[in-house]
Amino acid sequence: MSRFLSSRLATLEAYVPGEQPRDRRYIKLNTNESPYPPSPAVLRAVEEAAGSLNLYSDPTALRLRRAAADVYGVDPEMILPVNGSDEILNFAFMAFCDSRTPIAYPALSYGFYPVLAGLYGLPRQEIPLRPDFTVDHRDYLGLGHPLVIANPNAPTGLCLGLWEIEEILRANPDSPVIVDEAYVDFGAESALPLTKKYGNLLVTRTFSKSHSLAGARLGFGVGSRELIADLTAVKDSTNPYNVNAMTQAAGVAAFGDNGYYMDNCRAVAATRDETARRMREMGFAVTDSRANFLFVRHPEISGTALYEQLRDRGILVRHFSRGDIEEYNRISVGTPEQMEALVAAAGEILRKH
Ligand SMILES: *Cc1c(COP(=O)(O)O)cnc(C)c1O
């Protein structure tokens with residue numbers, strides 16, 4: 001730390017992204033990327049946009065908002081494209097939270113929420129899960145302050161039904177409710193249609209997991225015109241050209257090819273369910289994930305040992321060093337071939353153990 005850092009940030013605990021090692025080729029199952037490449041139309045669009053990189057990108061991202069509006073079934077004025085959905089979370093915390101009222105979220109969820117709360121000095125209300133890791137939506141009724149819920153949740157993959165989300169919205173009419181739908185395309189029900197009915201709902205989406213664009217950094221906030229106008233003002237006061245020209249072009253082309261991506265999501269979901277079945281046969285406890293990852297534990301081997309021994313065999317998974325989930329690993333769902341290799345390696349590790 002330099003002696004110049006604001007005292008406000010002296011205790012900041014930064015987000016730690018999953019490792020991206022370059023020392024050898026891994027089967028990479030640790031950061032929930034898509035195992036499938038972008039569609040050919042996306043590659044062509046990026047190449048064409050690259051020819052105009054001397055010009056600024058469109059700060060209103062109008063074509064991209066129109067393309068998103070068609071697929072999401074809302075008006076373009078209800079959408080703010082962002083530089084990865086982490087950016088819309090940041091904007092929302094900046095816009096709607098302050099140090100006098102807490103921000104609520106499940107005690108086990110996406111690690112970025114406590115980081116942002118720390119960044120803005122917000123009191124946190126971390127709401128415990130049930131012992132089986134499910135979120136009890138009744139714990140979120142009538143909170144009277146902002147809240148954020150990932151649906152499906154991470155790293156468990158478990159989801160709430162739309163009726164439960166709607167009850168939360170109805171029971172917190174005067175507070176923003178952020179529903180983080182990073183994984184919704186893999187098998188949960190989206191709250192997007194509710195954005196027309198509830199002015200307090202902000203849905204966040206990302207193209208990092210379902211649309212093979214993690215490296216391009218593209219996400220969206222979707223909500224009422226008023227919410228999006230506030231968030232756009234924050235965007236314009238932070239980084240008006242937040243989504244670069246190649247990424248905007250990639251996003252338009254990806255929405256145009258949405259069928260290709262939805263097919264990929266269905267393939268990933270099928271691979272997930274087949275892998276879960278085989279891992280349960282091997283004695284793993286596996287949550288009922290609706291996302292593109294599995295959250296697993298084996299009674300005979302520690303979470304750390306499994307993580308390390310898979311890594312020695314060239315397979316990277318995500319292990320979180322926090323007490324309550326020490327025995328677990330989160331495994332992204334790759335291609336059937338990659339998951340075949342994972343199951344074989346796990347079987348070998350268990351036999352040798
Ligand atoms: C991956 C992830 C995000 C952020 O994704 P971006 O790459 O920033 O778009 C947001 N929320 C959850 C729950 C995630 O897992």
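Three strands make up an open sheet, ordered S9-S10-S12, with antiparallel pairing. The edges are strand S9 (285–286) and strand S12 (329–332), each of which pairs on one side only. The model is a predicted one.

- Strand S10 covers residues 293–297 and is joined to S9 by two bridges. The two strands run antiparallel.
- Val 286 has Val 296 of S10 standing opposite.
- Helix H8 (residues 258–281) lies across S9, S10 and S12. H8 runs at about 10° to S10.

- The loop between S9 and S10 holds Thr 287.
- Thr 287 has 11% relative accessibility and therefore counts as buried; the cut-off for buried is under 20%.
- Beyond its neighbours within four places in sequence, Thr 287 is in contact with Phe 133, Thr 156, Leu 158, Arg 280 and Phe 295.
- Ala 191 is 96 residues from Thr 287 in sequence. Their C-alpha atoms are 23 Å apart in space.

- Phe 133, one of the contacts of Thr 287, is found in the loop between strand S4 (124–127) and S5.
- Phi of Phe 133 is positive, at about 75°, although the residue is not a glycine.
- Phe 133 counts as buried because its relative accessibility is 13%.
- Ser 212 is not a glycine either, and its phi is positive, near 55°.
- Ser 212 is found in the loop between strand S7 (201–206) and strand S8 (219–223).
- Ser 212 counts as buried because its relative accessibility is 11%.

- Asn 151 and Pro 152 are joined by a cis peptide bond, with omega about -5°.
- Pro 152 is in the loop that links strand S5 (147–150) and helix H5 (162–171).
- Ala 154 and Pro 155 are also joined by a cis peptide bond, with omega about 0°.
- Pro 155 is found in the loop between S5 and H5.

- S5 and S6 run parallel and are joined by four bridges.
- Ala 150 has Asp 180 in S6 as its bridge partner.
- The buried residues in H5 are Leu 162, Glu 164, Ile 165, Glu 166, Ile 168 and Leu 169.
- The buried residues of H5 pack against S5, strand S6 (177–180) and S7.

**H1 against H7**

- Helix H1 (residues 40–50) packs on helix H7 (residues 245–256) at an angle of about 150°. Their axes are 8 Å apart.
- H1 is therefore roughly antiparallel to H7, as angles over 145 degrees count as such.
- The H1 and H7 crossing is right-handed.
- H1 contributes Ala 41, Val 42, Ala 45, Val 46, Ala 49 and Ala 50 to the contact. These meet Ala 245, Met 246, Ala 249, Ala 250, Ala 253 and Ala 254 in H7.
- By class, the contact of H1 with H7 has 12 nonpolar residues, no polar and no charged.

**H3 against H6**

- Helix H3 (residues 85–96) packs on helix H6 (residues 225–238) at an angle of about 105°. Their axes are 9 Å apart.
- H3 and H6 are therefore roughly perpendicular to each other, since that class spans 65 to 115 degrees.
- From H3, the contact takes in Ile 88, Phe 91, Ala 92, Met 94, Ala 95 and Phe 96. These meet Leu 227, Asp 230, Leu 231, Val 234, Lys 235 and Thr 238 in H6.
- The contact of H3 with H6 divides into nine nonpolar residues, one polar and two charged.

How values were computed
Residues are numbered from 1 along each chain as its sequence is written. This is a predicted model: local features need pLDDT of at least 70, side-chain atom pairs count only at pLDDT 80 or more; totals for chains, interfaces and linings use all residues. Side-chain values use heavy atoms; hydrogens and water are left out. Two strands pair if DSSP finds at least two bridges between them. Contact means heavy atoms within 4.5 Å. Axes are lines fitted to C-alpha atoms, for helices over the stretch in contact, and angles run from 0 to 180 degrees between N-to-C directions. Angles under 35 degrees count as roughly parallel, over 145 as roughly antiparallel, 65 to 115 as roughly perpendicular and the rest as oblique. A crossing is left-handed if the near helix is turned anticlockwise from the far one by less than a right angle, and right-handed if clockwise. Ala, Val, Leu, Ile, Met, Phe, Trp, Tyr, Cys and Pro count as nonpolar, Asp, Glu, Lys and Arg as charged, and the others, Gly among them, as polar. Buried means under 20% relative accessible area, exposed over 50%, partly exposed in between (1.4 Å probe, protein chains only).
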